[in-house]
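Here is a friendly briefing to read with the model open beside you. Take a moment to find your bearings, and then follow the topics below.

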Amino acid sequence: MTGTLFFLVAMTLAGCGSAIDTGGRKAVTGDVTLDGVPIVEGSIRFEPQSGTTATGAMIADGKYEIPADKGLLPGSYRVYINALEPVEDNRSADDMMNNPGPPRKELIPAKYNKKSELTADVSESGPNKFDFLITR
């Protein structure tokens, strides 16, 4: 009896996490470096070239990850990468709200964001790992 109960509980738990419907979206991961150095903090955005869903992620220590539930449908995407110059600011949050200060400098050349030439093709079968080893 105990063995049967254990089997039923194990089968129920195994079935709970295995079939998450992502609507056909695929997980996307990768590394991003600038002149061979991982981008410490930035963002990456994938925009469809044929009208499907766009999405993006934060880059931390040169890595990004978009889980399947927020991922991309198979297809071709234009990729945009941004990273702003870090600024040390010791002002209070109220001071920053009232006076945001000068705009931060973009560290990534325009050919990887405003005028991006980067592309990625997300496939049905994966793996969808895209590394961007960009240079100035």
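Strand 6 (residues 75-82) and strand 7 (residues 118-122) run antiparallel and are joined by five bridges. This is a predicted model, in which local features need pLDDT of at least 70, side-chain atom pairs count only at pLDDT 80 or more, and totals for chains, interfaces and linings use all residues. Residues are numbered from 1 along each chain as its sequence is written, and side-chain values use heavy atoms, with hydrogens and water left out.

**Strand pairing**

- Strands here are DSSP runs (E, at least two residues) and helices are also DSSP runs (H or I, at least four), numbered from the N terminus; two strands pair if DSSP finds at least two bridges between them.
- Within the pairing of strands 6 and 7, Gly-75 has Val-122 of strand 7 as its bridge partner.
- Strand 6 also pairs with strand 3, in the antiparallel sense, over six bridges.
- Opposite Asn-82 in strand 6 stands Ser-43.

**Pockets**

- A pocket is an open set of points on a 1 Å grid over the protein atoms alone, where a 1.4 Å probe fits, with protein on both sides within 12 Å along at least five of seven lines; lining residues have an atom within 4 Å of a point.
- Grid points are joined across faces, edges and corners, and the volume is the space filled by probe spheres set on them.
- The largest pocket holds about 320 Å³ of space.
- Its lining has 18 residues, and the closest to the pocket centre are Val-40, Glu-41, Ala-83, Leu-84 and Leu-107.
- Strand 2 (37-38) and strand 3 (41-48) each supply at least two lining residues, and strand 3 gives the most, with three.
- By class, the lining of the largest pocket has 11 nonpolar, three polar and four charged residues; Ala, Val, Leu, Ile, Met, Phe, Trp, Tyr, Cys and Pro count as nonpolar, Asp, Glu, Lys and Arg as charged, and the others, Gly among them, as polar.
- The second largest pocket has a volume of about 180 Å³, and its lining residues include Val-87, Asp-89, Met-96 and Arg-104.
- In the second largest pocket, the lining divides into four nonpolar, one polar and three charged residues.

**Side-chain links**

- Lys-26 sits in the loop between helix 1 (2-16) and strand 1 (28-34).
- The side chains of Lys-26 and Glu-124 make a polar contact of 3.2 Å (a pair of N or O atoms within 3.5 Å; within protein, one must be able to donate a hydrogen and the other to accept it, and residues adjacent in sequence count only if both atoms are side-chain atoms).
- The structure holds two aromatic pairs (rings of Phe, Tyr and Trp, its six-membered ring, with centres within 6.5 Å; planes under 30 degrees apart count as stacked, over 60 as edge-to-face and the rest as tilted).
- The rings of Phe-46 and Tyr-64 have centres 6.0 Å apart and planes at 45 degrees, so this pair is tilted.
- Phe-46 lies in strand 3 and Tyr-64 in strand 5 (residues 63-66), so the pair ties together parts 18 residues apart in sequence.

**Backbone points to check**

- Most residues other than glycine have a negative phi, and most peptide bonds are trans.
- Asp-35, in the loop between strand 1 and strand 2, has a positive phi, near 55 degrees.
- The peptide bond from Gly-126 to Pro-127 is cis, with omega near -5 degrees, and Pro-127 is in the loop between strand 7 and strand 8 (132-134).
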